[in-house]
Every structure is written in C-alpha cells, then in structure tokens.
Amino acid sequence: MKSESPVQGPALVHRRGTLRGQLVAFEGKRLSIGRDQGGDVVVNSPVVSSRHALIVFDEEGGRGWLLRDLDSKNGTYLNGKKVREHKLEDGDVIRICGNGAEFVFAATGSIEYMDDSTVCFDPVEFAEPAQPAEDVCRLLGRELERSSRKSRRAILLSAAAVCVALLLGGWYLAAGPVRMAGSLAGRPALELELGPIYSSLFHSYRENGIGQVRVRNTTSKALSAASLDFTLEGEGEGLLVEGLRFELPRLAPGETWVKRLNPLLSRRIVTERSLEVTAAARLVVREELLATANRAITIYDYHVFNWKDPRKVAVFVDSNDAAVKAFVDSAWEHRPEVSRHEFPPSSMVTAVTLLSALNGHKIGYKPDARTPVSVSNGADTSDRVNFPGETLLRRSGDCDDIVVLCCSLLEAADIPTAVVVDQKHVIMMFDSGLCSIPVGHGNAPGEPGSLFSEESWVAYDGRLWIPVEATELVRSAGGFAAAWAAAWHYKKRIESGEVQVVKIRDGWKSYKPLHPPPTADVLARIRDGALWRQEGLAAEAAASVRKVKEYASKNLEVAIEELKKSCDGLDLAQRSSLLYTQAGFYREAVELLREAIFGGRAPSTPAEVRSWKGEVTFDLAILLTDLAQAVTLSSSTSAELEYAVEYYRLALGGLPDALPEKSECMLCLGLVYKMRGDLRAYRKWTGQAIERQPRLRKKLDRIEQGDGRVAASSPGRILLDYLRSRMGAVRL
C-alpha cells in the first residue's frame, strides 16, 4: 500500500507504533530528529539524545540527502547498520537507537511503507495471528481510519493488499520453514535478562556474568543454523574487549535456549561516572536477521555497591592499597613488646596497635550524600562505598567506609577479618589468633561452656573473634577498648546466625579487590611520612593490650570457678593449668602447678629442684611433666629452661617404664636440652626415647625438618606446638 501524500519533495514516513503510516514532509534542506521539543521530529524516549540525528541536503558535495548521527548516546541505524553519516536512497529504513523509532525515507513523498522487510523484529509486533479473520477486520478498520481523506479506490486497493498478504502469510506459516527475514512469519522470541553493571565488580563478571539471553522458538518449524551476537552500543561501544557470538543448537518448536553472558569487559568501565548504555542482541540465520533485542542498562561508577549480596563487599577491602601499606608500615614500629607465644597473641597485639593508630588518625564520621541511587527502594537499593586509601586520605567516611578500612589494615598485617551485616548497619571482627577452647568436664570439644565465653568474645568457626564497632574508632574519646565494648551485644546474634557474617578471605575467592591505581599527586601524599606520624601511639597501644589481657583474665577466672564445682585437688590443678596454657597464660599456669606440686615450699633454684626429697607419685609425675612444658613455653632465657630440665628429670622418676608417655617425656627433655644448646644431652635423651619407642623417630624428624634449627631465644613454632599439645596428654 502506498502513502499518497500531497507533498512533492522528500518526506519521512513513520514505520512503527501508533504513528505508523503518518508522513512528515521536509520544509527545507534539513530535518532534525531527537528528544528536544524544538526539533522537527520529536521522539519522546529516554534512550534518545536531545539532538540525536540530522537529515541534510549536501549541495556543495553533490551527494544529495545525507543521514548524520549527532554524536548520540545510543546510535543511529540505516538499514540495520550503525552509521555516522551516510547517503540516503529512496526507501531506506532509518532507526533511532537499537530498537527505537523507525522511519522510511521517501525521496518523492510516497513510499510503500507497508513493506515489512525490516532489520528489527519485535516478537509481539510480529506474533503469529491466532485468529486471522479478526486480525483482517482489525487491520482493515485501521487502514480505513488512516485513509479517511483518500479516495475510495485507494481504500479498496489497500484492503485487498492486506487480505492477500495475510492469506499468503498464513500459508507460509503452515508450510514453510523459519527462514526469510523479510516475511510476516512468526518470529522466535529473543529476550535479554540483564541487571545493572557495577564497575567495582569488574574482575568478577568474566566468571559470574552480567545476565543471560533467552531464545524461545515460538514458530511451528524447527530453528537451525542460527547464531546470536551480543554487544554494547551507544556509550557502551568499546566497553567489551570483544563481542560475544554463540552458535545455537537446533531448536524444535516450543524449545528454549538460554545462555549466560560472560563478556570480557574493558578496564574503561572502571570510572567515577555512571552511564547508561544499550545492550543489543541479534539472532541471525544464514546472514538473515530474525530478531533483535535491546535493553538499556546502567553501568555504575566504581564506588556504587549493592548490599543484596554482602560477600561482594570484599572488592573494596584492599590490603595492597598504597595508602594502607604506608599506614601499616608507620604504625608497625609502635607495637608493644610481648612474648611471641604468650597471651595476647602477636596477631592480636598488631590488630590492637593498628586500630589504635586509626583512632589517632582523626577520621571524622561523614554520611553518604543522598542521591537517586541511595534513596531508591527495593532489592536493588545501592550504597556508596569508598576504597580504604580514599578514607585514609580524606579522613572521613561512614560506617561501611570505616569497616572496609579496618579490614584492609588488618588483612595487610595478615590478620583474618570479617564483616558483620545487620539490617541497617555493619561492624567488623577479627581473628584473635586463639582457638575456641571448650571448658567442659571431658576432652570432647562439644561439651558445655567455652573459654572466653563472655560477651566480649565471639566463638565462630572454631576460632575466637573480637567484634569491633568501627565507628567508635573515629570518635576522639573512643579507641579500641570502646569500639570492642560497643560491639559486645552482637555476640549472640553472630553465634546464632541471626546476622550475616562475610569472611573477607572467603569473599576474595569470588570477588577480587578492584585496586584502582592512585594518581601521581596522591602517591606523593602517601609517601610523605609526616602524614602518618603519631605521638603517643605506643603508650595507647600498650594500654589497649593491657585491657585485652584484663578481659581475658576475668574470663579465665570465671571458667576456673566453674571447674571447682566438679573437681578439686590435683585434678583441678591440672584442668585449670590446661585452660591457662591453651589461652597463652603460661606464667599463670606455672604458678598454679608449682603451688599444687610443692605447696608453699616451692624450690627457688634449679639446684633445689634437683635435690628435692619429696615422693614423686604417678599423679605428681604427670603434673611435673605439665609444669616442665609450661615453663618451656613461657621461657625467654636459657636459665629459665634449666628449670624445665629439672622438672622433666624429676618427673621421669615417677613414671612407670611400661608407660609410653615416659618415652615422650624423654623426647621433650632432649628437645629442651637442644633449646639450651646442649647437643650432647639432646642426642642422649632423644636416642633413649627412640630406642624405647621407634615410632618417635618420625615425630622428631618432622619437628626438626619443619624448624631447621631450634635456637635458645627463638624456639620453632612446630616444636612449641608439639610441647603445647603434650599439656594434659595424660589425665589424672
């Protein structure tokens, strides 16, 4: 059917939607298209630019009418191909954006606009008619209304053409394959299921994908030899390192094919500006276009984060951030001197020092600005999170910014951390370096009670964690002790699973830190040591460490009081000393065992231990072995190790020869001699132990090979772990 227009010059004919068939005549030698209400052709769509495209007559070059894209956001298409500028021919199809308004260029003011040889098929618009007779009536009525001012002859010709087309189309659908892109046959349905892209998750999209594409064969014939292309258009052009192309399997009528989209994104998406792009998919059979699908998606800047999956917060926790590393290096020298193997563990001392330094850095609490992103409703509500270096340098942030910074600082010091996510708030916690120690009446770990069971410690995944309310660290009157105390009420909710816990190292397995590189001027600030220098940090950290030890000591006292209800005498002494040793309170264990063994007349020198005349019963021998091991674990000098030697020798006199633990006692005695530097005695006692129990050879080899050399001042971790494991090995 032709549009019989009274104009003699060129025109545009609307080809889709409710304006289909209407004609826009050119009033001069240029015609503008866009969202701007002052343009010649106004297209009210958010994906259309204000000044999107221009049709202009080229008088100087003699090329006739030209279609020119005006640097639009989502592109201009001519006969299915994206163009910047191209000569127009009579009958050319112009499309605004990937799936927007379509026009036919009529060079003479009249064109067969009912011809549907298009490059963009909407599955709804081209659906197979279920009731042909009703559709004929509907189309006839539409054509009669549109042609009310045309001649009767034109109306009859139009109706006849529609009827013939529908009859031929019905025959083709019933008997022909899904092949021709220019027919009105039913088309396979093509759908894009995409969410927004968060550029902070840049590293994860290759593995996790950005969504999926779905093809459903809604025709009556099998779909074969089809392929699908996916790309980003408009401002998204160039954001894929390479487009995606899939070969579809043969789809029988009614079958559906679904494919996850895992594109290789360009680093260009990592910017401080959010943008909207068009995602486009094209379904092709033998170079003929069957269907397209387009969807506008938002690419958020690298600070935007969605808490729907809290594990993804790990992308912001960056232990390799230049500012984080500089801060840790500056605070490291202020750590209080503590024994490497006593309570508190060195990792806890480091954590306390770093968090105390953060309090001294004078970071202020600053809530995020309210934006359309942050005030949106529903599951897709997003937040803004700063990277740790930004918070350090700006000295401001809200609760999630400070939590991310705390986790980054501690992870940079090799201390495991976790984020605790409540409905409207987040805190952090860190691994204290201690195991969760049972205080039941037997050896099984599942028995009632737990060492450090009060609300100040969290037992999680077999470890003891310290919860921290990070916002307390930015108060001038706050500090580590205040931040710890403010988070105590989360203990029960964490252990019961009421709140979600995200262990950062687990999160890193799927969501690696983005690590945006700092600019040159930022690097210069970071390298300025004066930025991180603090006065009085060592004293503040030492005070916090004392507070930690005080809390732990009180917990131990409560646990021992519970033990007194079920045992007494030497049994109570052994159980209590075992709790002290497991917690790293070795000196307290030594004093308790000396009191239980010697009463108020404990020997004051190694020589007095050697000359002690008391009876060494089996029970006393077991406690003497525990005492020797506790002394070894707490010793810092060779002279202190001499006590351990004499306690072991005294214990050997009370252990029966048939007891396998006597051989273990000899092995321990030999290792202590080595720690003192007496290799001759070391070979003597370890040789006797292996002669009695040959299986100890493998154990000794493992200790020595793992340690290399056991120095008097710095015993190896494997040796000390072995000695610690011998505490309470034989129960009374």
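User: At 46% relative accessibility, how does arginine 695 count: buried, partly exposed or exposed?

Analyst: Buried stands for under 20% relative accessible area, exposed for over 50% and partly exposed for what lies in between (1.4 Å probe, protein chains only). Arginine 695, at 46%, therefore counts as partly exposed. Please keep in mind that this is a predicted model, in which local features need pLDDT of at least 70 and side-chain atom pairs count only at pLDDT 80 or more, while totals for chains, interfaces and linings use all residues. Residues are numbered from 1 along each chain as its sequence is written, and side-chain values use heavy atoms, with hydrogens and water left out.

User: With which residue does arginine 695 form a salt bridge?

Analyst: A salt bridge requires a side-chain nitrogen of Lys or Arg within 4 Å of a carboxyl oxygen of Asp or Glu. Arginine 695 has glutamate 664 as its partner, with the closest N and O atoms 3.8 Å apart. Helices (H or I, at least four residues) and strands (E, at least two) are DSSP runs numbered from the N terminus; arginine 695 sits in the loop between helix 19 and helix 20 (696-707) and glutamate 664 in helix 18 (residues 660-676), so this pair ties together parts that are 31 residues apart in sequence. Glutamate 664, at 6% relative accessibility, counts as buried.

User: How many salt bridges are there by this rule, and which residues do shared partners join into one network?

Analyst: The count comes to 37 salt bridges. Glutamate 664 is buried, and elsewhere salt bridges with shared partners link Asp58, Arg63, Arg68 and Glu85 into one network.

User: Where do glutamate 237 and lysine 82 lie?

Analyst: Their side chains meet in a salt bridge (2.9 Å, N to O). Glutamate 237 belongs to the loop between strand 15 (226-233) and strand 16 (244-247) and lysine 82 to strand 8 (residues 81-83), so the pair connects parts that are 155 residues apart in sequence. Lysine 82 is partly exposed, at 35% relative accessibility.

User: What span does helix 13 reach, and is helix 13 mostly covered or uncovered?

Analyst: The expected span of a helix is 1.5 Å times one less than its number of residues. Helix 13 (residues 569-583), with 15 residues, reaches 22 Å from its first C-alpha to its last, close to the 21 Å expected. Helix 13 is mostly covered, with 11 of its 15 residues buried, among them Leu572, Arg575 and Tyr580. Just after helix 13, glycine 584 adopts a positive phi of about 90°.
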